[in-house]
Amino acid sequence: MTATSADHGPTKRPPRRGLLLVPVPGSSPIHELWAGTKLLIVLGFSLLLWFFPGWAMIGVVWVLVLTGARIAHIPRGALPSWPRRLWVLIALAFVFATLAGGSPVISVGGVDIGLGGALYGLRAALLAFGLVGLAAMVSWTTNVAEIVPAITTLSRPLTLLRIPVREWAVALALGLRAFPMLIEEFQMLYAAHRLRSRRMQPNRRVRRRQQARDVTDLIVAALAMTLRRADEMGDAIAARGGTGQFSAASARPTLADWVTLAIAAAAGGGAVALETILHISH
């Protein structure tokens with residue numbers, strides 16, 4: 001039943017926040033894999049989807065995402081809630097894509113409707129969400145502290161070209177560590193702004209100026225908060241011995257990692273072969 005209030009009537013159910021860039025607690029075979037294995041799988045299928053963006057490859061990616069989520073015991077609460085406006089925009093995009101026509105063509109009540117544009121739009125949406133799902137699986141099953149050593153190990157050949165791999169990896173790790181904290185801070189800042197009582201002006205021009213000032217205040221407060229958090233993080237890193245600690249104690253792939261890479265390579269190779277056969281047959 002919906003909760004009610006004597007003053008305000010029915011209360012709205014709070015939206016599900018989900019887990020962004022936060023590992024899901026627990027242990028599973030996916031959690032225990034080396035971080036470099038997961039990054040290689042994501043990178044490999046990203047490249048395959050770039051060159052072979054067909055239904056077979058998209059289906060393989062979705063099978064991997066759903067199977068990995070089932071093995072890792074990812075709860076539904078880890079998924080963020082989608083605003084209704086986003087679903088409306090997706091529906092409108094699907095309608096406009098359908099108007100583009102194209103084969104295949106179906107006949108409804110004597111009217112020919114081309115579904116080619118709709119299928120292209122659906123394939124693009126599934127491809128995008130599949131890539132997001134692969135990245136989310138890495139985020140939900142990998143500790144941030146394991147990512148930097150894995151990237152440093154995988155990118156070690158690039159150091160021969162004098163590319164600052166370790167510095168880039170450290171910057172990526174700091175960004176991944178800071179995002180969940182900053183998201184929570186921004187949510188608290190926005191909630192405090194909404195709770196601040198302000199009487200809206202009846203004049204539309206004055207009201208727009210007031211809204212513009214509110215946006216400016218939020219941006220300035222967000223920048224100040226971000227700089228303060230960055231200063232605190234820098235002091236904490238310096239107290240722990242500098243950025244060199246991020247790439248220390250790198251783990252190595254085990255038998256389970258090699259088996260996982262072999263399964264992913266076989267799935268990707270099978271999808272490439274199927275895509276090639278379908279392309280030749282057409």
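## A positive phi after α2

α2 is followed by His73, whose phi is positive, near 60 degrees. This is a predicted model. His73 sits in the loop between α2 and α3 (84-99). Its phi of about 60 degrees is positive although His73 is not a glycine. Most residues other than glycine have a negative phi. Is His73 buried or exposed? His73 has a relative accessible area of 57%, over the 50% cut-off, so His73 is exposed.

Arg162 is a further case. It too has a positive phi of about 60 degrees without being a glycine. Its place is the loop between α5 (144-154) and α6 (165-195). The relative accessibility of Arg162 is 77%, so Arg162 counts as exposed.

## The chain as a whole

The chain has eight helices and four strands. Along the sequence they follow the pattern β-β-α-α-α-β-β-α-α-α-α-α. There are 282 residues, and 26% of them count as buried.

Residues 24 or more positions apart account for 73% of them. The accessible surface comes to about 19,400 Å². Carbon and sulfur atoms hold 67% of that surface.

## Helix α2

How far apart are the end C-alpha atoms of α2? They are 24 Å apart. At 1.5 Å a residue, the 17 residues of α2 should span 24 Å, so the two values agree.

Which residues of α2 are buried? They are Ala56, Met57, Ile58, Val60, Val61, Val65 and Gly68. An α-helix has 3.6 residues a turn, so residues three or four places apart point the same way. The cover over the buried residues of α2 includes α1, α4 (116-141) and α8.

α8 has 27 residues. From first C-alpha to last, α8 reaches 39 Å, close to the 39 Å expected at 1.5 Å a residue. Asp257, Ala264, Gly268, Ala271, Val272 and Glu275 are buried in α8. The buried residues of α8 pack against α1 and α2 (55-71).

Two packed helices are described by the angle between their axes and the distance between the axes. Helix α1 (residues 35-51) and helix α8 (residues 255-281) pack at about 5 degrees. Their axes are 10 Å apart. Angles under 35 degrees count as roughly parallel, and α1 and α8 are therefore roughly parallel to each other. On the α1 side, the contact uses Thr37, Leu40, Ile41, Phe45 and Leu48. On the α8 side, it uses Asp257, Thr260, Leu261, Ala264, Gly268 and Val272. By class, the contact has seven nonpolar, three polar and one charged residues. Among the α8 residues that meet α1 is Asp257, which is also buried.

## Two alanines in α4

Helix α4 holds Ala124. Its relative accessible area is 48%, so Ala124 is partly exposed. Ala124 and Pro53 are 71 residues apart in sequence. Their C-alpha atoms are 8.6 Å apart in space.

Ala135 is found in helix α4 as well. Is Ala135 buried, partly exposed or exposed? At 41% relative accessibility, Ala135 counts as partly exposed. Ala135 and Val42 are 93 residues apart in sequence. C-alpha to C-alpha, Ala135 and Val42 are 6.8 Å apart in space.

Notes: Residues are numbered from 1 along each chain as its sequence is written. This is a predicted model: local features need pLDDT of at least 70, side-chain atom pairs count only at pLDDT 80 or more; totals for chains, interfaces and linings use all residues. Side-chain values use heavy atoms; hydrogens and water are left out. Axes are lines fitted to C-alpha atoms, for helices over the stretch in contact, and angles run from 0 to 180 degrees between N-to-C directions. Angles under 35 degrees count as roughly parallel, over 145 as roughly antiparallel, 65 to 115 as roughly perpendicular and the rest as oblique. Contact means heavy atoms within 4.5 Å. Ala, Val, Leu, Ile, Met, Phe, Trp, Tyr, Cys and Pro count as nonpolar, Asp, Glu, Lys and Arg as charged, and the others, Gly among them, as polar. The expected span of a helix is 1.5 Å times one less than its number of residues. Buried means under 20% relative accessible area, exposed over 50%, partly exposed in between (1.4 Å probe, protein chains only). Accessible areas come from the Shrake-Rupley method with a 1.4 Å probe; for residues, only the protein chains shown count as cover.
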